[in-house]
Amino acid sequence: MLPIGHYLFLSMALFLLGVIGVITRRNVIVVLMSIELILNAVNINLVAFSRLYGDVAGQVFALFIIADAAAEAAVGLGIIIAFFRNRETVLADEMDLLKW
Amino acid sequence: MLDKVIFYFFAGIAVGSAALMVTRRNAVHSAIFLIATLLATAGIFLQLRAEFIFIVQIILYVGGIMVLFIFVIMLVNLDVALLQIKFARQKWVALVVTLALTAQVGLLFWTTGKMPGQGFPILTAAPVNRLPPNAEAVAKSLFSSYLLPFEIASVLLLVAMIGAVVMAKKRT
Amino acid sequence: MQAATQATLDFLKLYWAPLLCGVVIVAVLPLIVGYIVLVERKLMADMQARLGPMRVGPHGLLQPIADAVKLLIKEDIIPDDADKLVFWLAPVFSVGAALLAIAGLAFGPAFQIAQDLNIGILFVVGISALGIFGIVLGGWASNSHYSLMGALRSSAQLVSYETAAGMALVCGLLFAGTLNIKSIVAAQGTQGVWFGFLAPVAFFTYLVASIAETNRAPFDLPEAESELVAGYMTEFSGFRWSLYFLAEYTNMIVVASVATTLFLGGWLRPFANVRWLNFLDYLPPLLMMGIAGYCVLRMPKQPTRVQQMFMLAVAGLCLVVAMVLAAPVLLPFVKPSLKEAVAPFYAGIHGGFWFIFKVSAYLYFFMWLRFTIPRYRFDQLMRLGWHFLIPLSIINVLVVGVALIVGSYFNLQGWALLLATTPAAIVALVAALAILSIDQKKQARQAGTAATDFYAG
């Protein structure tokens, strides 16, 4: 195994790219995808530390994060579809009313 | 050496396609590049001897979640995607935030490199080679130490499933 | 530079065998797929009282090569409005996933590319599931309504049937207690009974789900040529189209191999543990000899000289295979001291034969179904998946778990385990049918009041 720094650096790069995506993109679906990218970056860290310390717990938590990502994607996409039915848009800027 | 080559190969693909994913205009292209990133990450998991996470990543993340994403993009995507302005107005804010984060982490790495033995000790720690590389270890840990979180996760998934169905259902 | 050369050498030294196998598979698989297609056309012709391809070679034996040449020299058309990148990527994705899945399979105790993969069968299933992206993206990229409909149908169908197939696999894995392919087959060897007998409901579920997953008739809705003009493949032609074709047939081989490994005893001979049935070892060489004899018998009826020669060549090939199969069985009689030395060759060669034999039988069943049962309607397909197969497979996992506990309580082994699993299978079937009938009554009441929307969300 390479020194852990390599993995941390990769994870950081993916995390930052995800953050950029979340903040800048207008399309809500792409924002959701960026969130998936962030979660994935976290997973790299967990698995790398699990290997470093020889403890399988890190991998178990990576599993939980993947399950969480699945739940988030299902609910998020459900909301997007419901919103699209009502407003015919998926742009974050146009989601500016609390109720209509 | 071989380790290094494999790592840089997958890391390069992951970072490159993540960057493309954030910048592509078309949502389907974004999704494809995200798939590439996820597959490259799966490769890195495999290099870390986490076979089970590797296959869960491929089955669940790539084969499940991303199919859902592409399905929804196809349902939702009007042809207007190409006409839109790609970025929101707050891109300068984003730049500042990411620069600050980069600076922070860079400082961390820099200080660690400068003062060995101090600062952030994990970066230089030697890896322990006693992890049993198999699915059984994960299963044992999951169903003994982490049984309660596992059950909570299953409840979470159930709630998410019901929520998604209610959300996406047409009101009649 | 020095270090890079060293690393490459090390890599080659470690992994030369898998690399070689990979290259051989990628090179040979198109040929095998071509001949599977030929067999399928011949079968179709037989069932429809025709002759099928007869012109190229004796009985059309060279037809696959002619087809391949035709496909390769066809013009490669990309529609103007298509998304070029995705259009290029989609077939590659499909074929890549299908070929990569083969890496995890074991075609006999000796032949496996990814040796002793810990996650064995999960690897095969997970990687082959990626092929869906090829279909979905291809349908989207060609920018045509038929293709998009095909892609949407396909993704809905694959996602729904994957659940049932996964649950069926879980059922089989409960008996094996491991994911490693070699250990699964070894478990069936020690128990002396194939898991297909112990878990008949799971086998049935996997059979149906695997047909749906490979988009074969009667579940070939994504490419229904009479309504969607070939669905996601409408805009593809020439080489790209043949890549899709290759992926589809490779996927068939993959699902057949998974079913063979898990439910049909892998590379074990039928009744591998029963002593007095050892004469079954003579069956493979005798079969090949029979084919060779038949070819020689038919030779004089061929119209031209070249075709007669070709027939003889086929007969010779079969004879060589028969000799290879017979050698490890007959050698110990000639020289009893060789028995130990010959054992691994016997296991490898005969294991490979039985594995390929079972996979062929599974594929034959696929083709038989294709020419017998008419295509389902899409809502019928979805109802079959969600209202029957998924409840059935989930209930089955539960009752099989209970049956296993009961079996271990009474210390049942091998065939005796059937005492526990047969009632379990009956319970699962009855429960699933009850759910289906309740559901159909509800459907009948609702019919006419509301049209069902199967694309919703």
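Here are some notes on this predicted model, chain by chain.

1. Ground rules. Residues are counted from 1 along each chain as its sequence is written, and chains are lettered from A and ligands numbered from 1 in the order in which they are written. As the model is predicted, local features need pLDDT of at least 70 and side-chain atom pairs count only at pLDDT 80 or more, while totals for chains, interfaces and linings use all residues.

2. Chain B overall. You'll find six helices and zero strands here, helices (H or I, at least four residues) and strands (E, at least two) being DSSP runs numbered from the N terminus. Of the 172 residues in chain B, 31% are buried. Buried is used for 20 or more other C-beta atoms within 10 Å of a residue's own, exposed for 12 or fewer and partly exposed for anything in between, with C-beta atoms placed from the backbone.

3. Chain B against chain A. The interface pairs 73 residues of chain B with 61 residues of chain A, a contact being two C-beta atoms, placed from the backbone, within 7 Å. Helix 3 of chain B gives the most to its side, with 14 residues. By class, that side of chain B has 56 nonpolar, twelve polar and five charged residues. Ala, Val, Leu, Ile, Met, Phe, Trp, Tyr, Cys and Pro count as nonpolar, Asp, Glu, Lys and Arg as charged, and the others, Gly among them, as polar.

4. Helix 5 of chain B. Look at residues 135-144: Ala135(B), Val138(B) and Leu142(B) are buried. They sit on the same side of helix 5 of chain B because they cover an arc of only 65° around the axis, the arc being that of the directions from the helix axis to the C-beta atoms. An α-helix has 3.6 residues a turn, so residues three or four places apart point the same way. What do the buried residues of helix 5 of chain B pack against? Their partners are helix 3 (57-87) of chain A together with helix 3 (51-76) and helix 6 (147-168) of chain B.

5. Domains of chain C. The assignment, automatic or from a database, gives domain 1 (8-73), domain 2 (78-268 + 379-397) and domain 3 (275-372). Eight residues of domain 1 of chain C are in contact with seven of domain 3 of chain C. On the domain 1 side, six are nonpolar, one is polar and one is charged.

6. A helix pair in chain C. Helix 1 (residues 2-47) and helix 11 (residues 238-263) of chain C pack at about 80°, with axes 10 Å apart. Axes are lines fitted to C-alpha atoms, for helices over the stretch in contact, and angles run from 0 to 180 degrees between N-to-C directions. That makes the two helices of chain C roughly perpendicular, a label for 65 to 115 degrees. The contact includes Leu29(C) and Pro30(C) from helix 1 of chain C, and Tyr249(C) from helix 11 of chain C.

7. Gly172(C). This glycine lies in helix 6 (residues 145-176) of chain C. Is Gly172(C) buried or exposed? Gly172(C) counts as buried because there are 25 C-beta neighbours inside 10 Å. Among the residues that Gly172(C) touches are Phe195(C), Ala199(C) and Leu262(C).

8. Two positive phi values. Arg49(B), in the loop between helix 2 and helix 3 of chain B, has phi near 65° and is partly exposed. Ala49(C) has phi near 60° and counts as exposed, with 6 C-beta neighbours inside 10 Å.

Note on methods:
Angles under 35 degrees count as roughly parallel, over 145 as roughly antiparallel, 65 to 115 as roughly perpendicular and the rest as oblique.
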